[in-house]
Amino acid sequence: MAPYPRELRVRVVAAVEEGGLSIPEVARIFQVGLTFIKKMLKLHRAGESLEPRHGGGPVPVLQEEETTLLRQEIRVRPDATLEELQQVLADQCHARASLATISRRLQALNLPRKKKPHRQ
């Protein structure tokens with residue numbers, strides 16, 4: 001479920017602060033929870049932003065720089081193994097990514113990969 005947009009947050013606070021409506025009335029009118037209204041009022045009264053916050057979770061290991069490097073490496077060496085790609089990321093970007101993470105990123109980018117090294 002997506003966070004409530006900023007416009008709704010501002011309208012809810014304005015309805016309580018300036019409209020003279022009670023919190024339960026505003027909750028019924030805007031079809032939001034009482035706790036949500038109380039949180040928005042607390043933020044507003046503290047002078048903080050009503051913008052929706054980041055949903056949480058860790059920052060992805062493979063950012064734009066690492067993704068670009070993976071694309072370039074696959075273009076140059078289409079037969080590179082996941083281990084070789086992992087080493088390239090570690091050497092050039094100082095990023096430590098698991099083989100599974102690299103594999104999922106390659107799948108998301110629709111890039112081919114080989115699972116085993118080339119036989120000589």
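Helices here are DSSP runs of H or I with at least four residues, numbered from the N terminus. With that in hand, welcome to this predicted model.

Let's start in a loop. Gln 31 sits between α2 (23–30) and α3 (34–45), and His 94 belongs to the loop that links α5 and α6.

| Residue | Phi | Relative accessible area |
|---|---|---|
| Gln 31 | near 55° | 70%, exposed |
| His 94 | near 60° | 69%, exposed |

Helix α5 covers residues 82–92 and helix α6 covers residues 99–108; they pack at an angle of about 100°, and their axes are 10 Å apart. An angle of 65 to 115 degrees counts as roughly perpendicular, so that word describes α5 and α6. On the α5 side, Leu 82, Glu 83, Leu 85, Gln 86 and Leu 89 make the contact, while α6 brings Leu 99, Ile 102, Ser 103 and Leu 106. By type, these contact residues are 6 nonpolar, 2 polar and 1 charged.

Which helices does the buried part of α4 pack against? The buried residues of α4 pack against α5 and α6. This helix, residues 64–76, has 13 residues and spans 18 Å between its first and last C-alpha, close to the expected 18 Å. Its buried residues are Glu 66, Thr 67, Leu 69, Leu 70, Glu 73 and Ile 74. They lie on the same side of α4, because they cover an arc of only 160° around the axis. Turned away from that buried side is a face with the exposed residues Glu 64, Glu 65, Arg 75 and Val 76.

Conventions: Residues numbered from 1 in each chain as written. Predicted model: local features only at pLDDT ≥ 70, side-chain atom pairs only at ≥ 80, totals over all residues. Heavy atoms only, no water. Axes fitted to C-alpha atoms, helices over the stretch in contact; angles between N-to-C directions. Helix = DSSP H or I, 4+ residues; strand = E, 2+ residues; numbered from the N terminus. Parallel < 35°, antiparallel > 145°, perpendicular 65-115°, else oblique. Contact = heavy atoms within 4.5 Å. Nonpolar A, V, L, I, M, F, W, Y, C, P; charged D, E, K, R; others polar. Expected span 1.5 Å × (residues − 1). Buried < 20%, exposed > 50% of the residue type's maximum accessible area, 1.4 Å probe, protein only. Arc of directions from axis to C-beta.
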